[in-house]
Every structure is written in structure tokens, then in C-alpha cells.
Amino acid sequence: MKKIFLSISIAAAAFGFSGCYDAIFYNIRNEVPLEDGVINGYTNSIVRYQEPGGTEFLYLQNGNVYYKQISEDDDKAKLTKNQYHDKWTKDSSAPEGISYSYFDQEFFGTYSCKLASDSNYVYLLGATPEYDESSSRNILKNFKLYCYSKANGWKSVEPINTILKKYESTLDDDKYMMDSSIQLFCTNAPQNEHRKAYIRIGGGSPYYPWMSAKQTYGNDFTVKDGVMNCGIIELNGTDTDIANVVPLGDGKIGTLEKTGAGKDTTSAVYANNTVYFLDYLASSTNETKNKEADYIYLGNGKTLYWFETASVSSVTALAAEPVGKSTGCAADILSMCVTNDSIILGTYEEGAYHVKTDSGKPETEASTSFPTKNANSVMCKPYIVRMLFCTDPSLGETADGSALYSALQFQYTETSAGASYKNVGLWSYYKDRGNWNKE
């Protein structure tokens, strides 16, 4: 069974992921000259961060942390700055990246696994890889959470790190990170005041019930018989209160199965002045910097589901009104981004799919036909499209000022996948450039 539940357990497999289908990229290079990749490796998050003065930035991770300003200096409402190749800056003040000592035969430093952000902070979940003799693989251990603000720089979030250390101590070495999960996620909303960030400690994948079946979603993180309660905590920088555990089912959308805060929550969206917690990796709304959300979107399996925010209280099941659906994806949906006239869906090993929208309402069929040049020859089989991001959802997909990002990876080795490591990493579409290219 394919493990498409990509929690931090899959972050541990980042060292085994590689690039893309080389024959396809030979054709791409013939039709579009490729830039030299600057943001290479495993990237699974781009988040928004607004400084106190209103300047907007993007932050990403690929083992290290990078950032760039996107709001114009003379008009902070315009998110069109630095829409060029090689404009990301490595954050040298972030926790030091990993290095390997051949003398000591061990890793040192911090591998940046995931980012999140809220109205005041950027959050980094980091860990250090260790070689596990029993499984003959590098696994991530010693997880720690950090937060960044312009005023204080990067700081350790000690209340969370105390719980993370206790949680790791309860995990079985033979099944380490196979049935466990540390999920850092956020609403990532275009409007700064709607940005909320959370960490789920505990819970896990339905594919390995060894430990998560024993866990209880609770209001504390006590350990009983070697198993720790799991929970979701709303983050607030170094002042995070570990007693502020999101109640079970808080933000539940109607009685829709598998929604609301719980052991399997992996994402959240902001709408109706409420945070809705979802058990789906891919979720979003059509909120823009100047408009409230009037649609909620989520990917479940190979299907995009959607409904109006005004209808939330009427949602009782995915297969019933008022929920609509868009079909046509060949694999499970892992990521999505929303523009003013489309939704792009990233899948597991089947590339990306395109769904047109009209005033937020999607069409019922997803396709591999894109208006952006060479998109379907970049985001295609055998890609895992782990992350998609749209800088300004108020703009159409190919409108002036449009900027889109996609993080690509694949499984196994270059030989078995017929791929090349150099094609792993971040890709972007800028209107002025006119095609998808290496970032």
C-alpha cells in the first residue's frame, strides 16, 4: 500500500527522494531553456510572513530556510517584487543546517522539515538525522520547534520542545515515525489577521495503527502505559501555552466525516471568522488580500470537494449537497493552490491537474491541460507534487503579476525511476518569464 499520508514520517524519507523523469525533461530542455536550480532538494512549505510595517515576505524550507520580499517598496499591496530567478536569500540566522562528520560518523545541526506562520511569527520544525542500524536508514530525531519575528530573530519554543522530547521517548525504535506524527500546519491566509499556526503532537497514519490506536486526544500530554496523549496546540511564539489544546472537534464543518480537530488533523483553513480543522493534506479557500473566502476546497483521495462558506452548517457528507466535486485526477491529491480563475492540484506520482473556476466555483472535471506554458510537461508523471503556492490569489493564473510555485520530488533512485536528482526542487511560473522554470 502506498503511504500517501505525508507527515513528518515522510520528512524522514526526504533523504531518499530524488528528481524527475529524465526523458521528459530532455524534451522540456529542448522547448524551454532551463535556469540553474537554486532551491533544490525537498521543499514542502512556502508560508507568508508580514513584518510589523506591512512588508510581505515568503519563507520556504529545503533543509535550510530561505526568504524573499514580495511586496513592492512603494506599494505594499502589490505582491510583485522579486519575480525573477535567484531572488531567494538563505537565512543565515536560522538554526544551522545539517553537516556530517565522517570522523564521528554522525550528523550535526538542524534539518528544516516544515514551516508555518501566523500573524506575528514564522515557525520552523527541525530535527537531526541519525542512522538506524535496524532499518539501515537515516531517521529524524530530536525534533525542536523554533519561531522567528523581526524584533527577536529565531528563538526556541521551549514549552513545545519539552513535549516533543517526551513524545519521542515513548516511540518504539523498530516502528519509529511509522505510526506517529508531528504535524506543523497553518491557515497561510492572504490576509495577515487570518493567519493561525498549530502543531499536532501525536496521532498518526491510518496505515499503521500500532500506536495511534492507543492514543487519546486529550487536553494534556500525560503518558500512561508508555503511550502519550496527543493534541493540537495553537502557537504563539515563545509565549505558546501548552494548556491551549484545541478541543476535540472544534471548528467541525457540519457533521462531515473526518473533519474537526483530532488525531488525524493535517491542515486548517480560515473562513467565517473561524478556523476549520481538516484531516486532509490539501485544503484551501478563495480568500484574497481584499476579499473574504466564500468557498472552501479540500482534496480527498483523487477528488476535489468544495462548498460555499455560507453553506458550512449544511455540510453533512462529502457525497451529499451542498458539496460539489471535481474528478479526473489519476492519483491522490497532496497539495493545491488557488488563483482567481483556477485551482491547481498536486498528486502523488501523477503530476498536477488543473480545474477552472468561475467566481470561485470549480468546474466538475480536472485535466492536465494548463494555460501556463509547459506546465503539463513539468508537473507530470512520475512527479510527487508535494507543494503548490500562489502569491496573490486575487490574480488570474496568467494575469500580469501572477507568481506560482511548485515543489517536485520522486521516489526511489535515479536508476529505478529513470530520473535525475538535478530536477528535484522548487519550480516557478512568473508572468513576465512566461513559463515554468527552475527556481
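This is a predicted model: local features need pLDDT of at least 70, side-chain atom pairs count only at pLDDT 80 or more; totals for chains, interfaces and linings use all residues.

Me: Let's take helix α3 to begin with. How far apart are its end C-alpha atoms, and what span should it have?

Reply: The ends of α3, which covers residues 158–169, are 17 Å apart. With 12 residues at 1.5 Å a residue, the helix should span 16 Å, so the two values agree.

Me: Which residues of α3 are buried?

Reply: Ile 160, Asn 161, Ile 163, Leu 164, Tyr 167 and Glu 168 are the buried ones. Looking down the axis of α3, you find the buried residues within an arc of 160°, so they line one face of the helix.

Me: And what is exposed on the other side of α3?

Reply: Thr 162, Lys 165 and Ser 169 are exposed there.

Me: Switching topic: where does Ser 428 sit, and is Ser 428 buried or exposed?

Reply: Ser 428 is in strand β30, residues 425–430. Its relative accessible area is 0%, so Ser 428 counts as buried.

Me: What does Ser 428 touch?

Reply: Leaving out residues up to four places away in sequence, Ser 428 touches Leu 404, Tyr 405, Arg 433, Asn 435, Trp 436, Asn 437 and Glu 439. With Glu 439 there is also a side-chain to side-chain polar contact, at 2.5 Å.

Me: Which residue does Glu 439 form a salt bridge with?

Reply: That would be Lys 68, with the closest N and O atoms 3.5 Å apart. Glu 439 comes in the segment after β31 (436–438) and Lys 68 is in strand β4 (residues 65–69), so this pair ties together parts that are 371 residues apart in sequence. Both Glu 439 and Lys 68 are buried.

Me: How many salt bridges does the count come to?

Reply: The count is 7 salt bridges. Another one of them pairs Lys 81 with Asp 73, where the closest N and O atoms are 3.3 Å apart. Lys 81 is partly exposed at 22% relative accessibility, while Asp 73 is exposed at 54%.

Me: And what about Glu 350, which residue does it form a salt bridge with?

Reply: Glu 350 pairs with Lys 381, and the closest N and O atoms are 3.9 Å apart. Glu 350 is in the loop between β24 (342–347) and β25 (352–358), and Lys 381 is in the loop between α5 (375–378) and β27 (384–390), so they tie together parts that are 31 residues apart in sequence. Glu 350 is partly exposed at 22% relative accessibility, whereas Lys 381 is exposed with a relative accessible area of 53%.

Me: On to the backbone. What kind of peptide bond joins Lys 381 and Pro 382?

Reply: A cis one, with omega about 10°. Pro 382 lies in the loop between α5 and β27. There is also a cis peptide bond between Glu 321 and Pro 322, again with omega about 10°. For Pro 322, the place is the loop between β21 (303–308) and β22 (324–326).

Me: How about Asn 273, buried or exposed?

Reply: Asn 273 is exposed, with a relative accessible area of 63%. Asn 273 has a positive phi too, near 60°, and lies in the loop between β17 (267–271) and β18 (274–278).

How values were computed: Residues are numbered from 1 along each chain as its sequence is written. Side-chain values use heavy atoms; hydrogens and water are left out. Helices (H or I, at least four residues) and strands (E, at least two) are DSSP runs, numbered from the N terminus. The expected span of a helix is 1.5 Å times one less than its number of residues. Buried means under 20% relative accessible area, exposed over 50%, partly exposed in between (1.4 Å probe, protein chains only). The arc is that of the directions from the helix axis to the C-beta atoms. A polar contact is a pair of N or O atoms within 3.5 Å; within protein, one must be able to donate a hydrogen and the other to accept it, and residues adjacent in sequence count only if both atoms are side-chain atoms. Contact means heavy atoms within 4.5 Å. A salt bridge is a side-chain nitrogen of Lys or Arg within 4 Å of a carboxyl oxygen of Asp or Glu.
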